[in-house]
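Please keep the sequence and the 3D view at hand while reading.

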Amino acid sequence: MKSFNPYPKKIPKARLEIEQMKQYSAPLEGRRQMLRLDFNENTIGPSPKVIEAIHNITSEEIAVYPEYNGLKKAFAENLNSSLTVGSVIPNQIAIFNGVDAAIHSIFYAYGDRGKTFLTTKPTFGYYNPCANMQGMKILEIPYEGRSFEFPIKEISLSLRNLNPEILIICNPNNPTGTSLDARRIIQLAEQFPRTLIVIDELYEAFLGDSIIPIVNYYETPNLVVLRSLSKTSGLAGLRIGFAIGHPDVIDRICRVTGPYDINSFAVTAAFAALRDQAYIDNYVAEVLKARLWIKEELSNEKINHHINSGNYFLLWPDQNPTAIEEHLKASGILVRNMKNKYAIDGSLRVSIGTIDQMKLFLDMYKKATKLLH
Ligand SMILES: Cc1ncc(COP(=O)(O)O)c(C=O)c1O
């Protein structure tokens, strides 16, 4: 008797671009109860007011589709409290299921087959899969030299010569911490109006040079800025991200999203997080202190490292980085291995949390290096 085969011989083919891709996978599993210095998340969790708001969520809020206008208004107010000129209005804001979803939608709306996506390298890993998904050509310009300077000349030349459809600048860049002056970005947007220039400001709070206070989206409608509550506010698990831009550009990006993509828990948590700006400011201040502390320690210990803006740094162990990573993991600390990444192969990326967490990391790192000596 023929045995039953639950799988048909041929599976339906996806689009050509999709068949050529692999899933974007990050080492996300089994990270609870560890000191997580591997994804640049907030290392102490959200404001207690966020937890309280989640506890108080009502049955009605769960039963009804979420509302977004109030959150757009609250986010606009939060941004405007830091603006000296101009102001952002709610229809210049779109809410996403994390900035990853914003990036996805931007490519879906603006990225055409055969057209060019311009970015830098090494940079955040999710831009390229989104460009590939659309069948775009990808041009990655390397950061320059040992201190990973921003390749402004090459980027300008490529904008001029190739007329790319989309340019993404991660500012400051994950993982090199490189930043480009906000005024210089505005000039690029003015000079190259046919390119959609996306500024990923996920780590801006740790730099303090946001483009938002100086951009006029009506003069440079080709500029879109991304912000998230994952890294500063500790909401990575709830997924909330924002895009800010010209209302008509925001409208196009929102044409490709579902009507209720962001759930009510995330909306409730985001309201509470934005209302407790002091909590975010204190956390950022603590990370900045810890960054100074670890920078000095790494120099004193003569550990080969690169530390700039952002809540992360790179270090190059003398020993096998994967073995160090494993030792750290066994002592309860996660870091991110930059194996096979352009220009930073052989390094580990370490997120910066509180000074106590950095002390613990450094102790364990030194122990691991001694054991492997
Ligand atoms: C530069 C950059 N952009 C976007 C993201 C995704 O952020 P979110 O958690 O808001 O999706 C990350 C996450 O690591 C990131 O490093």
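The chain is assigned two domains, domain 1 (31-45 + 278-371) and domain 2 (48-275); the bounds come from an automatic or database domain assignment. The model is predicted: local features need pLDDT of at least 70, side-chain atom pairs count only at pLDDT 80 or more, and totals for chains, interfaces and linings use all residues. Residues are numbered from 1 along each chain as its sequence is written.

Between the C-alpha centres of domain 1 and domain 2 the distance is 26 Å. Where the domains meet, 24 residues of domain 1 are in contact with 22 residues of domain 2, contact meaning that the C-beta atoms of two residues, placed from the backbone, lie within 7 Å. On the side of domain 1 that touches domain 2, at least two residues each come from α11, β9 (305-307) and β10 (312-315). Helices (H or I, at least four residues) and strands (E, at least two) are DSSP runs, numbered from the N terminus. Helix α11 gives the largest share of that side, five residues. By class, the side holds 13 nonpolar, eight polar and three charged residues. Here Ala, Val, Leu, Ile, Met, Phe, Trp, Tyr, Cys and Pro count as nonpolar, Asp, Glu, Lys and Arg as charged, and the others, Gly among them, as polar.

Helix α11 (residues 277-300) also packs with helix α13 (residues 355-371): their axes come within 9 Å and cross at roughly 25 degrees. Axes are lines fitted to C-alpha atoms, for helices over the stretch in contact, and angles run from 0 to 180 degrees between N-to-C directions. The two helices, α11 and α13, are therefore roughly parallel; angles under 35 degrees count as roughly parallel, over 145 as roughly antiparallel, 65 to 115 as roughly perpendicular and the rest as oblique. From α11, residues K289, A290, W293, I294 and E297 meet I355, M358 and L362 of α13. This contact of α11 with α13 has six nonpolar, no polar and two charged residues.

Residues I324, H327 and L328 of α12 make the contact with M364, Y365, A368, T369 and L371 of α13. Six of the contact residues are nonpolar, two are polar and none is charged.

Which residues come nearest to the ligand? Of the 14 around it, they are G98, V99, D100, S228 and S230, where near means a C-beta atom, placed from the backbone, within 6 Å. The shell around the ligand divides into six nonpolar, six polar and two charged residues.
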